[in-house]
Amino acid sequence: MARPGHGRSRRSLEEDEGEEGEDPVDAMISRTGCLAQHRELQECMATQQDWRRCQPQVRAFGECMAQRRQQR
């Protein structure tokens, strides 16, 4: 079963932020500097419904997060 949030589009995320405040996961990822890559991955997942079709976005997000870990 997919985790909550993986089937959500960017538009629904923005609408949710206005109603309930910023998503805690988005806030945490934003602090890493990888929010753009995360949102691109979410958008792909929302449209493709299959993580295997989103491998470029998966790799880009993973590489961004790995770079942030190395900078610590």
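Buried here means under 20% relative accessible area, exposed means over 50%, and partly exposed sits in between (1.4 Å probe, protein chains only). Keep that handy for Cys44, which is buried at a relative accessible area of 9%. What you're looking at is a predicted model, where local features need pLDDT of at least 70, side-chain atom pairs count only at pLDDT 80 or more, and totals for chains, interfaces and linings use all residues. Residues are numbered from 1 along each chain as its sequence is written, and side-chain values use heavy atoms, with hydrogens and water left out.

**Confidence**

- The protein averages a pLDDT (the predictor's confidence in each residue, from 0 to 100) of 82, and 72% of the residues score at least 70.
- Helices here are DSSP runs of H or I, at least four residues long, and strands are E runs of at least two, numbered from the N terminus.

**Disulfides**

- The whole structure has two disulfides (pairs of cysteine sulfur atoms within 2.5 Å).
- One of them joins Cys34 and Cys64, with the sulfur atoms 2.0 Å apart.
- Cys34 sits in the loop between H2 and H3 and Cys64 in helix H4 (residues 55-70), so this bond ties together parts that are 30 residues apart in sequence.
- The torsion about the S-S bond of Cys34 and Cys64 is about -90°, so that disulfide is left-handed.
- Both ends are tucked away: Cys34 is buried at 0% relative accessible area, and Cys64 is buried at 5%.
- Cys44 and Cys54 make a disulfide too, with their sulfur atoms 2.1 Å apart.
- Because Cys44 lies in helix H3 and Cys54 in the loop between H3 and H4, the pair ties together parts that are 10 residues apart in sequence.
- The Cys44 and Cys54 link is left-handed, with -95° about the S-S bond, and Cys54 is buried at 0% relative accessibility.
- Number the bonded cysteines in sequence order and the pairing reads 1-4, 2-3.

**Salt bridges**

- There are two salt bridges (a side-chain nitrogen of Lys or Arg within 4 Å of a carboxyl oxygen of Asp or Glu) in the structure.
- Arg39 pairs with Asp26, the closest N and O atoms being 3.3 Å apart.
- That pair links distant parts of the chain, 13 residues apart: Arg39 is in helix H3 and Asp26 in helix H2 (residues 24-32).
- Arg39 and Asp26 are both buried.
- Arg52 and Asp50 form a salt bridge at 3.0 Å, N to O.
- In this pair Arg52 is exposed, at 58% relative accessibility, whereas Asp50 is buried, at 15% relative accessible area.
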